[in-house]
Amino acid sequence: MTDADQAREEVSDFQKRIGALREEIGRIIVGQRDVIDGVLSCVLGSSHALLEGVPGLGKTMLVRTLAGALGLEFSRIQFTPDLMPADIIGTVVLDEGATGARTLEFRRGPIFANIVLADEVNRATPKTQSALLEAMQEHRVTVGRTTHVIEEPYFVLATQNPLEMEGTYPLPEAQLDRFFFKLEVPFPTRDELHAIIDRTTTDKHAVVSPVLSRNQILEMQALVRRVPVARHVQDYAIRVLQATHPTGEEAPELVKRFVRTGASPRGAQAMLLGAKVRALFDGRFAASIEDVKTTALSALRHRVLLSFEGEAEGVVSDRVIAEILKKLPASKG
Amino acid sequence: MLLLPVPLGYAVAALTVIKALRLSISSQRPLWLIGLVPLAVFVVGVGRALFRERPAWRASLALDEFHGLQDRVTTALTFSALPEAERTPLMQAAIEDGVALARQLDPRRAVPIRVPRETLLAVLLTAGLCLLSVLEVRHERPLPPPPSFEPMVMSADDIELFRDVAKELQAKNDDPNALIAVRRFNQLVEDIAEHRLDRHEVFQRMGDLERDLKDNLDLDQDARDEGLKGLARELEKSGLTKPAAAALDEKRLADAEKALRELAEKLKRKDAKPNAAELEKLRQALEKASKTNEERSKNIEERRRELEEEHKSLLKKKGEKPDAGASPDSKLAENERKLEHLDRERSRAERSQKQMSELDKQLAQAARDLMKDAGQSAEDLQQGAQDINRMAKQEASEEQKKELLRKLQEMRELMRQQGKGGKDQMQRLQRFGQRARGQGGSGEGHGAGEEPGGKSGGQKQDGPLRLGNGSGGPSVEIPVPQTVRGEGQQAAGDKPGSGTEPGAGKRAGTGHDPNLAGAATDLKGKTVDVTAAGADTGQGTASSQVIYGAAERGFVGRGYKQVFTDYQTVAEQALSQDEIPSGYRFYVRRYFQLIRPRD
């Protein structure tokens with residue numbers, strides 16, 4: 001068997017596992033295919049996602065189901081204004097042993113799980129939010145003089161409610177940038193709602209079983225990193241990123257008028273990693289421009305900051321990114 | 001292709017303007033030059049399209065897009081461009097995937113060669129251009145008016161005058177060059193008479209003839225005369241050559257030739273042979289004579305050299321002392337004048353020497369032979385006489401040419417004056433010519449015929465006849481008595497324009513029947529010529545009577561001829577002695593031309 005054959009087999013296995021995972025999630029979650037794929041992309045890209053949607057759309061359920069299907073440790077933190085960093089990170093407590101000896105012991109907080117659901121993350125104070133975001137970035141927590149490594153795979157899925165903004169602490173741009181994708185959870189369609197009602201108002205309760213082991217997930221994450229990206233695809237992702245800046249060479253008129261700051265290089269990283277995952281979802285060996293286009297919206301929407309004029313005009317970042325993708329040709333010249 | 005309509009459109013516009021405005025080639029040039037701009041735009045555009053950098057994998061991306069292959073072909077191509085060692089297993093798999101897909105690709109459909117949008121426009125413009133270019137626009141170019149031919153007209157009287165001149169010159173001349181010139185002159189007169197030449201042509205031909213004559217004229221005649229005079233001075237010293245010397249001095253070349261021949265005969269004769277002293281004198285005279293010209297040249301050269309040296313030294317002095325005053329300057333100027341004079345003199349002497357070289361040789365030879373053999377010397381003198389004969393002939397020919405030249409100048413002046421005088425003067429001349437011949441106006445059916453409508457008739461001929469240029473210039477008045485009126489004048493007045501009227505020559509009794517009846521008179525008897533000379537009593541007709549008679553009958557008759565010759569001789573003398581101002585000489589000569597005796 002050649003290396004190429006082996007690679008083909010790996011991709012094939014990846015596809016099968018994803019298929020199995022989708023199927024298992026689908027037993028609980030109705031529809032939401034794009035959101036599920038986005039979340040999976042974040043998991044396989046070793047990153048984190050920010051889910052935004054009105055309450056009751058199954059965000060928490062999605063994460064819980066995912067954790068169940070993946071067989072990973074899961075924890076949920078409900079962010080409130082009085083939530084303290086120690087509440088999520090953990091704290092040092094005085095522990096009295098069987099011999100009566102007292103020692104200071106670090107009690108891990110909910111952040112020490114493989115999958116963390118940070119529900120309504122914008123309700124906590126910036127101090128608490130920053131404690132979470134440090135763990136997200138570094139995959140470790142430092143308490144006192146001790147640094148505690150968080151076990152891989154580590155995935156934080158934060159949610160926020162776009163409606164109730166009063167008494168919230170919107171995440172600053174720098175912190176938003178830490179999220180790989182920002183996924184918007186759409187309202188279910190009529191058929192989907194029928195299915196949701198059927199499942200949740202009867203005595204039938206589906207149980208999710210783990211379909212992937214921890215190691216398999218790590219293998220899949222490694223495979224994602226190995227997926228090659230052709231130069232023209234990478235070039236396209238960079239050009240899209242540059243076009244989000246008002247001063248960009250290929251920035252469309254909409255960007256020039258309504259965008260204050262374009263996406264950071266993390267945006268291009270997110271696009272390309274997401275594209276690699278998408279290629280593997282489809283059983284392809286390399287990412288394509290189409291993959292980049294598919295992931296661009298999730299990867300860039302929280303990274304493009306609109307100007308006052310843009311906000312006043314009611315322009316949303318999704319429209320700006322769609323305009324860029326529409327106007328930007330696949331090849332330059 | 002995108003830019004092709006630009007130059008085509010311009011070409012159509014330019015051609016439309018050219019055809020519409022009927023522009024000439026020179027006027028079109030700016031339009032075509034401006035056309036270089038759109039052409040350059042097109043050429044630059046094509047150049048840029050050909051040489052611009054194209055994005056990599058454009059074609060494969062188009063294939064991927066068309067077949068919905070998610071860049072699999074392009075990706076495979078990109079990875080295959082990498083060195084094999086750098087390829088990962090996934091890259092290899094991607095390449096193999098691309099290769100497998102390549103069989104399904106349909107480039108023709110994926111990347112069709114589209115006809116540019118501008119094609120139709122370009123085709124339409126090209127068609128328009130072709131149509132415009134074949135469209136013939138006719139230019140109306142007015143042709144220059146046909147050249148009007150106005151023949152040079154000269155009065156019949158003048159024509160006759162110049163015919164006579166030509167005849168006279170031809171009779172006198174035997175030099176081929178001079179004869180050719182006379183023939184040309186004659187032809188010119190005939191052409192004018194036949195109205196074959198216009199004014200411009202006449203003057204051109206006269207100019208040509210005059211130029212040729214001047215070219216042929218021996219301009220060294222003065223030098224030759226001078227040489228002969230020098231020769232005469234030396235020959236005069238011997239008693240034997242005195243007659244020849246006198247003839248040479250007076251330019252009687254024929255006499256000089258005769259004298260030399262006689263001397264040669266004398267030398268040959270043994271009975272009347274000159275004595276030794278005379279012969280010695282002759283020898284010395286001949287020797288000196290033969291060297292005259294040479295010595296003259298030498299003397300001049302010597303004087304010139306001395307003067308030149310003096311001049312140089314003066315120049316040098318002046319260079320050393322520039323403030324020496326005005327005296328050296330005036331001396332220098334005088335020297336320069338002298339030098340110029342000597343240069344001219346030397347040139348004349350050289351020419352004279354050249355002219356006389358043959359005669360000098362003969363005389364030198366005669367002097368040498370005289371020492372040995374008088375007979376041989378006589379032969380040399382004969383040769384010398386022949387040379388003088390040659391010179392005499394040459395001089396005669398030169399005189400004829402000069403005469404012809406003079407006549408040409410007169411003719412030119414006459415035509416100039418006639419040009420100023422216009423038609424009226426010409427008519428007056430015609431009438432005058434007829435009367436001068438003693439003919440009436442209708443005598444030839446000619447004079448009256450040219451008088452338009454006879455409106456002036458006899459009226460016009462009252463009073464004196466004025467000759468002049470008719471434009472206020474000097475004129476000559478010819479008195480005509482009131483009583484003198486020929487038939488012709490009356491006829492002219494009575495029958496205007498009757499050119500068909502038979503002339504006087506056709507009247508009964510005055511003509512000749514060409515068909516002679518019978519044989520010529522055959523005189524069998526012997527005849528004796530008897531000459532009877534009339535005695536001149538000195539009581540013939542007075543000059544005034546002759547002139548008066550000429551006015552009545554015309555300028556004909558022997559008596560008139562005699563009187564005319566006398567008067568003309570006096571006039572010519574006056575002319576030659578510069579008694580007549582140069583501006584009036586033409587009129588004097590013209591006057592005598594007009595009143596010259598007619599046959």
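Biologist: How many residues does the contact take from chain B, and how many from chain A?

Modeller: In this predicted model, local features need pLDDT of at least 70 and side-chain atom pairs count only at pLDDT 80 or more, whereas totals for chains, interfaces and linings use all residues. Residues are numbered from 1 along each chain as its sequence is written, with chains lettered from A and ligands numbered from 1 in the order in which they are written. Two residues are in contact if their C-beta atoms, placed from the backbone, lie within 7 Å. On that basis the contact takes 23 residues from chain B and 22 residues from chain A.

Biologist: Which helix gives the most to the side of chain B that touches chain A?

Modeller: Helices (H or I, at least four residues) and strands (E, at least two) are DSSP runs, numbered from the N terminus. On the side of chain B that touches chain A, at least two residues each are supplied by α4 (58-67), α5 (72-80) and α6 (89-102) of chain B. The most, eight residues, comes from α6(B).

Biologist: Is strand β4 of chain A largely buried or in the open?

Modeller: A residue is buried if 20 or more other C-beta atoms lie within 10 Å of its own, exposed if 12 or fewer, and partly exposed in between, with C-beta atoms placed from the backbone. Strand β4 (residues 102-108) of chain A has seven residues, and the number buried is zero, so this strand lies largely in the open.

Biologist: Which residue stands opposite Thr103(A)?

Modeller: Two strands pair if DSSP finds at least two bridges between them, and seven bridges join strand β3 (residues 90-96) of chain A to β4(A), the two running antiparallel. Their hairpin has five residues between the strands, and there Gly100(A) takes a positive phi near 90°. Opposite Thr103(A) in β4(A) stands Asp95(A).

Biologist: Is Gln70(B) buried or exposed?

Modeller: Gln70(B) lies in the loop between α4 and α5 of chain B, and its phi is near 50°, a positive value in a residue other than glycine. With 20 other C-beta atoms within 10 Å, Gln70(B) is buried.
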